[in-house]
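Hello,

Here is the structure I promised to pass on. Please open it next to this email and follow along.

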Amino acid sequence: MSAITREAERREAVAEALVVGLVALGLLAGWVLKQYAERRTLVFSGERIIVSYPYGWTFSDQGEMVRFRDMRSGGIPAELAVRTAPMAGVTSITQTLAFEGDALILSRAAEMSAYRVLESDSRFQVQGQPALRIAYAFVHDDPDAFQQHLPVVMLGEDVLTYHREHLIVFSLQAPEADYSAAQRRFYALVESARMR
């Protein structure tokens, strides 16, 4: 093998290594940018509660409840909601959460098509406080003569907790396909919550 052939092979190997390195660097930069964009938040400061919600989501403040929606997603948007209700004189937080959780389940079952509770966890905690987590599924079928679409399986989660004489209910609802990404944002919102 001549010196010219060896030099050409060496240059070719270096060029291939540079291409692989640049591709890996581009993929890493893309992943970092994606993580930054997904973790970017805005702060909602309501009368009773302060939460960080995903950047680019819209919110509507309805007094006792605030809703955050991902309107950029197309189709049925993922929705996060926080509801606070005054509840003074609670003697047993776990019993109160169980009672309020049962009432919420009954209310959702009356409102939602094919509503099913998937899991209920009373060992859950929010910022060190006792909480009740209820996971559920339902079918979203909004009959609209101007839109033709199939019913969509939705997954949801409610987290109920008690803090400073207020019941706080955090809720998530998202199409099954978008649920895992929405769930990460939901838990970030729950952990960011601060009562006034």
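Phenylalanine 44 counts as buried, at 6% relative accessibility. Buried means under 20% relative accessible area, exposed means over 50%, and partly exposed is in between (1.4 Å probe, protein chains only). Phenylalanine 68 is buried too, at 0% relative accessibility.

A word on the source. This is a predicted model, where local features need pLDDT of at least 70 and side-chain atom pairs count only at pLDDT 80 or more, while totals for chains, interfaces and linings use all residues. Residues are numbered from 1 along each chain as its sequence is written, and side-chain values use heavy atoms, with hydrogens and water left out.

**Aromatic pairs**

Rings of Phe, Tyr and Trp (its six-membered ring) pair if their centres lie within 6.5 Å; planes under 30 degrees apart are stacked, over 60 edge-to-face, and the rest tilted. The count by this rule is nine aromatic pairs. One of them joins phenylalanine 44 and phenylalanine 68: the centres are 6.0 Å apart and the planes stand at 80°, so this pair is edge-to-face. Phenylalanine 44 sits in strand E1 (residues 41-45) and phenylalanine 68 in strand E4, so the pair ties together parts 24 residues apart in sequence. Strands (E, at least two residues) and helices (H or I, at least four) are DSSP runs, numbered from the N terminus.

Now take tyrosine 53. Its ring and that of phenylalanine 68 have centres 4.6 Å apart and planes at 25°, so they are stacked. Tyrosine 53 belongs to strand E2 (residues 49-54), so its pair with phenylalanine 68 in E4 links parts 15 residues apart in sequence. Tyrosine 53 is buried, at 5% relative accessibility. Phe44, Tyr53, Phe59 and Phe68 form one aromatic cluster.

**Strand E5**

Which residues make up E5? They are residues 79-86. Six of the eight are buried, so the strand is largely enclosed by the rest of the structure. Two strands pair if DSSP finds at least two bridges between them. E4 (residues 65-69) and E5 run antiparallel, joined by five bridges. Here valine 66 has valine 82 in E5 as its bridge partner. E5 and E10 also run antiparallel, with eight bridges. Threonine 84 stands opposite isoleucine 168 in E10.

**Positive phi**

Most residues other than glycine have a negative phi. Alanine 114 has a positive phi, near 55°. This alanine is in strand E6 (residues 113-121) and is partly exposed, at 39%. Glutamate 165 has a positive phi near 60°. Glutamate 165 lies in the loop between strands E9 (152-163) and E10 (166-175), and is partly exposed at 46%.

Best wishes
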